[in-house]
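Please look through the structure shown here together with its sequence, and then read the briefing that follows, which is grouped by topic.

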Amino acid sequence: MSSKDRDRRITDLGTLKALAHPLRMKLYRGLIVARAATASQLAEQVDEAVSLVSYHLRKLAEFGLIEEARPRSTDSRERWWEPASDGVSIRDEDFRDAPEKAAAHTAASRLFFEQRAEMYRRYLDERAYWGPEWNRAAESAESALRLTPDELLELGREAQALLRRYEERGRAADAAGDTAGRENVAVHLNAFPFRV
């Protein structure tokens with residue numbers, strides 16, 4: 001794992017609103033995956049003008065979500081960016097104390113969910129191009145469990161610990177040059193109470 005903080009906890013409304021912008025969230029996710037990129041590289045990924053992407057990157061930096069990275073090329077005109085932490089954590093309990101904060105948290109959560117759902121829809125649409133080995137490995141499941149709030153919290157912590165182990169394994173393999181057959185993999189886990 002990198003020396004960066006793990007899952008910076010966002011507790012203020014300004015930072016939440018800065019991240020909860022559709023393009024900014026895509027840019028942030030792109031930086032998490034790439035670990036470092038220029039505005040030009042990210043603009044190509046999101047199909048937007050470099051000037052617009054640069055503006056939104058500066059906004060993310062203003063709130064400490066990303067930071068300038070050491071240059072990865074000899075072109076001194078290129079400005080490189082990287083995430084300021086190894087992810088973020090946004091918790092309901094930090095936004096409950098005022099209606100505006102609760103509404104912003106709900107709106108942000110909906111945006112994050114919609115972007116995750118779009119990623120999965122894209123995979124479904126492109127599934128035929130991934131080949132049998134990736135389709136056999138891909139997973140989609142739903143479980144209906146009977147848990148207490150404490151058990152749900154424990155389940156979430158155990159799932160995060162497992163994901164971190166695989167993240168560290170993948171980063172170590174990349175650092176060692178073992179990139180053959182490796183792709184970016186998204187794991188989305190939603191765990192919440194419901195009533196029928």
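Predicted model: local features only at pLDDT ≥ 70, side-chain atom pairs only at ≥ 80, totals over all residues.

Contact means that heavy atoms lie within 4.5 Å.

- Three strands form an open sheet in the order S2-S4-S3, and their pairing is antiparallel.
- S2 and S3 stand at the edges of this sheet, and because each has a single partner strand, one side of each is left without a neighbour in the sheet.
- Helix H2 packs on the sheet and touches S2, S3 and S4, while the direction of H2 makes about 90° with that of S4.
- Strand S2, made of residues 37-38, is joined to S4 by two bridges, the two strands running antiparallel, and Thr38 stands opposite Trp80 in S4.
- Strand S3, made of residues 66-68, is joined to S4 by three bridges, again with an antiparallel run, and the bridge partner of Glu67 in S4 is Glu82.

**The two faces of strand S4**

- In a regular strand the side chains alternate between the two faces of the sheet.
- In strand S4, which covers residues 80-83, Trp80 and Glu82 lie on one side and Trp81 and Pro83 on the other.
- These four residues are all buried, and both faces of S4 are covered.

**Helices H2 and H4**

- Helix H2 (residues 22-34) and helix H4 (residues 50-62) pack at an angle of about 80°, with their axes 10 Å apart.
- Because angles of 65 to 115 degrees count as roughly perpendicular, H2 and H4 are described as roughly perpendicular to each other.
- On the H2 side the contact is made by Leu23, Arg24, Leu27, Tyr28 and Leu31, and on the H4 side by Leu52, Val53, Tyr55, His56, Leu57, Lys59 and Leu60.
- The residues of this contact between H2 and H4 divide into nine nonpolar, one polar and two charged.

**Asp94 in its loop**

- Asp94 lies in the loop between strand S5 (86-90) and helix H5 (99-130).
- Asp94 has a relative accessible area of 17%, and because buried means under 20%, Asp94 counts as buried.
- The side chain of Asp94 makes a polar contact with the side chain of Arg9, at 2.8 Å.
- When the neighbours within four places in sequence are left aside, Asp94 is in contact with Arg9, Ile10, Thr11 and Lys101.

Terms used
Residues numbered from 1 in each chain as written. Heavy atoms only, no water. Buried < 20%, exposed > 50% of the residue type's maximum accessible area, 1.4 Å probe, protein only. Pairing = 2+ DSSP bridges. Polar contact = N/O pair within 3.5 Å; in protein donor to acceptor, adjacent residues only side chain to side chain. Axes fitted to C-alpha atoms, helices over the stretch in contact; angles between N-to-C directions. Parallel < 35°, antiparallel > 145°, perpendicular 65-115°, else oblique. Nonpolar A, V, L, I, M, F, W, Y, C, P; charged D, E, K, R; others polar.
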